[in-house]
Amino acid sequence: MRAFGNRTLVTGMAMSVLAFLYAPILVMMVFSFNDSQYTGLPFNGFTLRWYEALFSDEQMLMSIWNSVFVGLGVVVISVLFGVPAAIALDRYEFPGKGLFRRIVMLPLVLPGIITGIALLGFYLTIHLRLSLYTIMLGQGTALMCVTITEVFARLQQLGKSQAEAAANLGANDWEIFKNVTFPGIRSALFGAMLIAFSISFDEIAVTFLLTGRENTLPMTLWSLLRREVTPEVNAVATLIVFLSIILIVAGMYASRGHANESEA
Amino acid sequence: MTTGIELRNLRKLFEGHGHASWAVDGVDMTIGAGKFVTLLGPSGCGKTTTLRMIAGLEMPTSGQIFRDGQDITDQPVTDRDMRMVFQDFALFPNMTIEDNVAFGLRVKSKKGKYTEPQIQQRVAEFLDLVHLKDHAHKKPHQLSGGQKQRVSLARALVTDPKVVLFDEPLGSLDANLRKIMQLELIRLHRELGKTFIYVTHDQDEAMAMSDAIAVMSQGKVMQFGTPREIYDRPANRYVASFIGHAHIVDATVDSKQADSLSVRLRNGDRVGLRGKADAAPGSAVGLMLRAEDLAFADAATDTIGGRVVDSLYRGEYVEYVVALNGNSGVVHVHARTDLPPVAHGSAVALKVNPAKAHVVVH
């Protein structure tokens, strides 16, 4: 640490970065317990009534559930199509492979609003009724690339020889996948699932264009905020922050498991 | 019917970005059952690709592979029952050492062949064979490189294959460990009586362990023979210069008898040697001279004249670098350390051991 010279300065800078990042979130969490109609000072006292309000707000609960439902669906789609795509990219030669590998990243780079408009036009053309499923499909196809790139990178890192060794020992394709390939990519896959879920959970551009009658949480919050910032919104946000922390810890555990294995 | 592995005009084309090259270019070879055969050559000579084709991990572009007279060219890797030991060990990191070794006994294609107690007994037996009995419940990342390679070996041997393939198995180990493992492999080959096909770029390793060596270069087998044949009677310049510290000096055949011949160097010095050569009098050949086959002598007929340009004290011997007269080339000479040192620049005469000097035509 001495290399950085002035210790006070470094600590100060680090603290201010952390403060800019997390102080607003902390303030929001504090206000979710504030016994006041408005988000702001003075602090009138501790209350859980905004959480009560939240848990009796049918519309809010429904939209949370919708978001979770869409997120899970997106994870399923991206795993179901992403894993085979990653394995194909890693193991087989096929025409247009180079192009496919690059183009697969496109949905992540394209602005969500463009993807949304394109998908909306497409769904309307084939007369698909807009619903949670169309959101799922829209986000899932876009977020598939997270799974593909994460799993593909892991497969490349693992190399072929473990799978070859298994085949050489008489294992069939399924046994190779079950005993060698899947354990090898498990943590990468878990990481990709977390990323896909959390991106899906707060996605608004594609969702805004593709939603039917049901709303996801970001949409509901958005429409609430257009009227005023109620402490109930703070309560929801606080819960989501805690959920995110749990997901981050889970992700760290998954990648730590891999660090041990990769030494082998 | 031949027993063992037979390769017939085996070829493999590798296609890269816009260009293609023959990684293996017409390999013919018969590897007798129970033999220890090494494919030796520099990286990119096609030795690993040849091994991978024998294993079924790579499909030949053309040519055939026979095993005990039966064509197995199109047989899938899973059914070949030849076990491979990989350079990077290729252990399964999520399984214990025990489960790694048991893997080949538990696969579906082996179902019913062994009961679970039999599997455990066999695994224990083979872990004992490679001295890893106490590590059965560890994970691969807890073992050292040498231990990992022994696990890989046990995993290959436990299924009782007739043929074991080795792809530079000692390549990632340090020199001391490599020597120990070489002895271990020789012992296992002797005790188990299986065919070992071994790939390496290390000629000392190949010489020490093999019944026969195939020296490969640019996808072709340059010579296939016993280590002694390859060392003493290399078939061509490539093999002569690749194996051991040989120097090849340009010469012309002077005269030729039934089992001896005489060659003349560029500077006019004449060397007589025993053996046969496939060259008529007057034709250009290369005279292979190894440091241990040369000795300082008094100037006389049948000696080569030169001048000492360098000397290196090696402990076991003194290595002199001698430039031959008439710009004929440079040779190295090993001299006993108890002899008086020869000063730089002094003129010397070299006597060639006629039984060991050898002529290469190509």
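Colleague: In what order do the elements of chain A run from the N terminus on?
Modeller: This is a predicted model: local features need pLDDT of at least 70, side-chain atom pairs count only at pLDDT 80 or more, and totals for chains, interfaces and linings use all residues. Residues are numbered from 1 along each chain as its sequence is written, with chains lettered from A and ligands numbered from 1 in the order in which they are written. Chain A has 12 helices and 0 strands (DSSP runs numbered from the N terminus: H or I over at least four residues, E over at least two). So its elements read α-α-α-α-α-α-α-α-α-α-α-α.

Colleague: What share of chain A is buried?
Modeller: Buried is 20 or more other C-beta atoms within 10 Å of a residue's own, exposed is 12 or fewer, partly exposed is in between, and C-beta atoms are placed from the backbone. The C-alpha trace of chain A spans about 70 × 65 × 30 Å along its principal axes. Of the 264 residues in chain A, the buried share is 33%.

Colleague: Which helix of chain A gives the most to the side that touches chain B?
Modeller: In this contact (C-beta atoms, placed from the backbone, within 7 Å), chain A puts in 18 residues and chain B 23. Helix H8 (161-168), helix H9 (173-201) and helix H12 (231-262) of chain A supply at least two residues each to chain A's side. With 6 residues, the one giving the most is H8(A).

Colleague: How many Å separate the centres of the two domains of chain B?
Modeller: Going by an automatic or database domain assignment, chain B is divided into domain 1 (5-232) and domain 2 (245-360). Taken over C-alpha atoms, their centres are separated by 40 Å.

Colleague: Which helices do the buried residues of H2(B) pack against?
Modeller: In helix H2 (residues 97-106) of chain B, 8 of the 10 residues are buried, so the rest of the structure largely encloses it. Among those buried are B:Val101, B:Phe103 and B:Leu105, and B:Val101 is also touched by B:Ala154. The packing partners are helix H3 (116-129) and helix H4 (145-157) of chain B.

Colleague: Which residue follows H1(B), and what is its phi?
Modeller: H1(B) is mostly covered, with 9 of its 9 residues buried. After the helix comes B:Gly56, with a positive phi near 95 degrees.

Colleague: Why is one side of S2(B) and of S5(B) left without a neighbour in the sheet?
Modeller: Strands count as paired when DSSP finds at least two bridges between them. The open sheet of 4 strands in chain B has the order S2-S1-S4-S5, with antiparallel pairing. Strand S2 (20-31) and strand S5 (70-71) stand at the edges, so each has just a single partner strand.

Colleague: Which residue in the turn between S4(B) and S5(B) has a positive phi?
Modeller: Strand S4 (residues 62-67) of chain B pairs with S5(B) in the antiparallel sense over 2 bridges. B:Arg67 is partnered by B:Gln70, and B:Phe66 by B:Asp71. The two strands form a hairpin with 2 residues between them, and the turn residue with a positive phi, about 50 degrees, is B:Asp68.

Colleague: Which residue of S4(B) stands opposite B:Arg11?
Modeller: S1(B) and S4(B) run antiparallel, joined by 5 bridges. Opposite B:Arg11 stands B:Ser62.

Colleague: In the sheet of 5 strands, what is the bridge partner of B:Phe296?
Modeller: That open sheet of chain B has the order S15-S19-S16-S17-S18, with antiparallel pairing. Its edge strands, strand S15 (294-297) and strand S18 (330-335), each pair on one side only. S15(B) pairs with strand S19 (residues 347-352) of chain B over 4 bridges. In S19(B), the partner of B:Phe296 is B:Leu350.

How values were computed. Two residues are in contact if their C-beta atoms, placed from the backbone, lie within 7 Å. Lists of a residue's contacts leave out its neighbours within four places in sequence.
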